Amino acid sequence: MKPLILLALAGTLAFAQAPAKKASTIRRPSAAAARKSSAVSARLLKPALWNKVAPAEYQAKFTTTKGDFVIDIHRDWAPLGADRFYNLVHSGYFTDVSFYRVVPGFIVQFGASPNPKVEAAWNKAPIKDEPAKTSNKPYYITFAMGGPNSRTTELFINLRDNAQLDAMGFASIGEVVQGKEVVDQIFSGYGDMEEQGGHGPSQTRLQNEGKPYLDKSFPKLDSIKSVSIISGEAPASAAKPAAKKRAAPPQKKPARK
C-alpha cells in the first residue's frame, strides 16, 4: 500500500457545489500520438529505467490547474529523495496527478499515479530512508512514507512548521521558491483523506481505480498538468562539440574509433 502520512488534523471544512461541465468536442488522437503515449506508459512501468543522479541543486516548475509554482531541490539535503524526484520529473510521471489530500494549515499531498498499473509498479520500487537534515518548514517539500524504507512517489508540501515530522524521518528535499500563493489556493474543500477520518478521497481506492475515481467523486480537485526541470541542468546545446577527425598520415593505420 502506498505510504501515507500517519497524522490527522481535525477541522471544519466547507463544501461547494461543482460547476456544470461544458460540452466539448472529443477528438481521437493520431496514430503517432497514440504510439508515443503507449511508449511513455511502457517505460513508466519500469522504475529501474529511471536511475539518473540528480544535479547538486535544480529547480522544477509545476504547471497546475491553479497556476504555476517553482521548487528548488537540494541534493545534499536528501540525495536519494532528490534523485527519485528528478527521475520522476524526467519520466513524465506527474502528468495529470491530482492534489488529492489538502488539509489547510497542515499539508498538500500528491503523487498517486492516475494509472493503477503505473502506481503498482512504482509501489514496488521504494527508496531507503534518509535522515532529516532540514526541518519540515512551511513550503518545504518532502516524500511521504508509511514505515521504514517506504518512500516511492508521493510527496507533500508543508503548509505550516511541521517540525514534529523531523524525528519521524520525513526528510525534506527542497522548498517552494516561487508561487507560494498558488500552493495556498489549491482546492481543499474535500478535507483530509478517508483513511485519516476525513471526507476526502480514499487513498486505497485511488491506488486501485486511478483518476476515474477522483473525476467522478471529487471533480473539484486541482491537479498537475506537467512538471519540468527549468534550471540546474546544462542545456543540450551546451554539450561539448565532437572533435574533428584528422586525416590519417600516409603509410600509417587509422586510429581506432
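Visitor: Why does arginine 75 count as partly exposed at 24% relative accessibility?

Guide: Buried means under 20% relative accessible area and exposed means over 50%, with partly exposed in between (1.4 Å probe, protein chains only). The 24% of arginine 75 lies between these limits, so the residue is partly exposed. This is a predicted model, in which local features need pLDDT of at least 70 and side-chain atom pairs count only at pLDDT 80 or more, while totals for chains, interfaces and linings use all residues. Residues are numbered from 1 along each chain as its sequence is written, and side-chain values use heavy atoms, with hydrogens and water left out.

Visitor: What makes the contact of aspartate 83 with arginine 75 a salt bridge?

Guide: The term requires a side-chain nitrogen of Lys or Arg within 4 Å of a carboxyl oxygen of Asp or Glu. Between arginine 75 and aspartate 83 the N to O distance is 2.7 Å, so the pair meets the criterion. Aspartate 83 has 12% relative accessibility and therefore counts as buried. The structure holds 8 salt bridges.

Visitor: How do you know that lysine 61 and aspartate 68 form a salt bridge?

Guide: Their closest N and O atoms are 3.6 Å apart, which is within the cut-off. Lysine 61, at a relative accessible area of 30%, and aspartate 68, at 36%, are both partly exposed.

Visitor: By how many residues are glutamate 209 and arginine 205 separated in helix α5?

Guide: They are 4 residues apart in α5 (residues 203-209), about one helical turn. Glutamate 209 is partly exposed at 36%, as is arginine 205 at 38%. Salt bridges with shared partners also join Asp96, Lys211 and Asp215 into one network.

Visitor: What makes up the secondary structure of the chain?

Guide: The chain has 6 helices and 8 strands. Helices (H or I, at least four residues) and strands (E, at least two) are DSSP runs numbered from the N terminus. In that direction, the elements run α-β-β-α-β-β-α-β-β-β-α-α-α-β.

Visitor: What is the order of the strands in the open sheet?

Guide: The 8 strands are ordered β3-β4-β6-β5-β7-β2-β1-β8, with antiparallel pairing. Strands β3 (101-103) and β8 (224-231) are its edges, each pairing on one side only. Neighbouring strands are turned by 25° against each other on average, direction ignored.

Visitor: How do you know that strand β5 pairs with strand β6?

Guide: Two strands pair if DSSP finds at least two bridges between them. In one of them, isoleucine 141 has isoleucine 157 of β6 as its bridge partner.

Visitor: What pLDDT does the chain average?

Guide: The average is 83, and 75% of the residues score at least 70. Over residues 4-30 the pLDDT is below 50, although this stretch has 46 contacts in the model beyond near neighbours in sequence. The value also stays under 50 over residues 33-38, where the model has 0 contacts beyond four places in sequence. Here pLDDT is the predictor's confidence in each residue, from 0 to 100, and contact means heavy atoms within 4.5 Å. Where pLDDT is low, the predicted coordinates should not be read in detail.

Terms used
Axes fitted to C-alpha atoms, helices over the stretch in contact; angles between N-to-C directions.
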